[in-house]
Amino acid sequence: SKKIALITSGGDAPGMNAAIRAVTLQAEKYQYQVLGFIGGYNGLIDNHFITLDCHKVDDIIRKGGTILKSARCPEMLDNSGPKRVVETLESNNIDSLIVIGGDGSFKGCLAISELWQGNIIGIPGTIDNDINGTDQTIGFWTAVETALDSIDKIRDTANAFERIFIVEVMGRNCGFLAVESAIGSGAEHIVCKEIIEDEVQFIDNLLVNINKAIRNHRTDSYIIVMAENSLSFSAHELSKKIERYTGVDSKAAILGYIQRGGSPVAPDRVLATQLGVAAVEAIKANKSNIMVGMLNNTATETAFSATSYSNTYNQKIIRRLNQLNFNLD
Ligand code: ATP
């Protein structure tokens with residue numbers, strides 16, 4: 001029989017609870033024990049855990065956040081963190097570790113793997129969708145849904161006042177959340193790093209295009225969905241630039257943390273369940289140092305070392321926008 005340590009780490013994401021549930025139930029099937037450590041890597045450093053079973057995970061599939069709590073853990077960045085984690089794993093006779101989190105969390109897994117021989121499996125959980133080796137991360141579709149809900153409401157106000165709105169969504173350094181939110185809300189324009197070669201030129205084109213659209217009365221309002229961190233200046237500053245250039249009232253709305261919360265939508269619950277099961281199966285098959293993911297509806301495994309968000313995503317985003325003839329100039 002096996003003993004599994006489970007944590008949720010990095011930014012919380014809707015669907016993490018569904019993944020905790022799936023891991024626990026699949027583990028019970030094989031009579032594996034699951035210890036849920038509290039607060040990401042901090043719980044592993046402080047030996048703070050609860051024992052998970054079917055009762056503990058009852059009815060959590062629909063809940064946002066994570067019952068195991070999440071946190072950043074700066075101690076993992078120097079040697080003492082991983083060393084203390086391994087002490088906890090060994091003193092509890094744990095042979096496998098499952099980490100639900102982003103690619104930062106997987107770097108933590110790699111640091112632990114240098115000191116520990118157990119099986120380490122990652123499950124991609126972040127609203128940013130900034131992980132290589134899975135089409136979507138757990139939490140992404142819920143965040144898109146939340147953004148759509150907000151953008152729809154902003155559209156009402158934008159229409160009523162014939163205004164330009166810049167809506168900033170999350171994504172860390174990745175444009176997927178902005179792209180799907182822009183497509184789904186019928187936004188007029190998108191701003192994200194992946195489509196910007198030269199910022200000055202990009203902004204010049206943006207101003208010309210907005211001006212043209214407004215002069216031609218193409219729409220009552222103009223919505224630009226912008227990924228956070230995509231420009232060297234803020235969404236508010238962009239709105240000022242646009243207002244100065246077009247003479248039309250422009251406002252910026254930053255959606256922020258509301259995108260991290262909420263009950264997970266169906267695709268996130270289903271993905272979390274598939275990946276939770278896949279993680280336990282990977283342990284059973286004695287795999288290690290891999291993240292489980294779904295690519296083209298097929299369960300896949302990717303080495304931790306290859307999970308970092310990469311430039312190939314630029315092409316993926318540009319292709320996607322081109323296919324839809326979405327404003328790219
Ligand atoms: P998200 O992007 O959704 O916030 P993430 O997992 O990428 O998720 P990070 O804050 O980057 O979030 O990482 C979470 C934790 O993983 C960190 O607080 C730290 O404990 C650990 N970690 C991150 N990078 C490293 C690294 N290079 N080496 C060891 N541990 C790391």
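Helices (DSSP runs of H or I, at least four residues) and strands (DSSP runs of E, at least two) are numbered from the N terminus. The structure is a predicted model, in which local features need pLDDT of at least 70 and side-chain atom pairs count only at pLDDT 80 or more, while totals for chains, interfaces and linings use all residues. Residues are numbered from 1 along each chain as its sequence is written.

Helix H4 (residues 103-113) gives the most to the shell around the ligand, contributing six residues. Among the 19 residues around the ligand, those that come nearest are Gly-10, Gly-11, Gly-102, Gly-104 and Thr-126; a residue is near a molecule if its C-beta atom, placed from the backbone, lies within 6 Å of it. The shell comprises five nonpolar, nine polar and five charged residues, where Ala, Val, Leu, Ile, Met, Phe, Trp, Tyr, Cys and Pro count as nonpolar, Asp, Glu, Lys and Arg as charged, and the others, Gly among them, as polar.

The axes (lines fitted to C-alpha atoms, for helices over the stretch in contact, with angles from 0 to 180 degrees between N-to-C directions) of helix H5 (residues 140-161) and helix H6 (residues 176-185) come within 9 Å and cross at roughly 45 degrees. On the H5 side, the contact (C-beta atoms, placed from the backbone, within 7 Å) is made by Phe-140, Ala-143, Val-144, Ala-147, Leu-148, Ile-151 and Asp-152. H6 supplies Leu-177, Glu-180, Ser-181, Gly-184 and Ser-185. By class, this contact of H5 with H6 has seven nonpolar, three polar and two charged residues.

Over residues 3-283, the chain is 43% helix and 17% strand, with the end C-alpha atoms 10 Å apart.

Key: Two residues are in contact if their C-beta atoms, placed from the backbone, lie within 7 Å.
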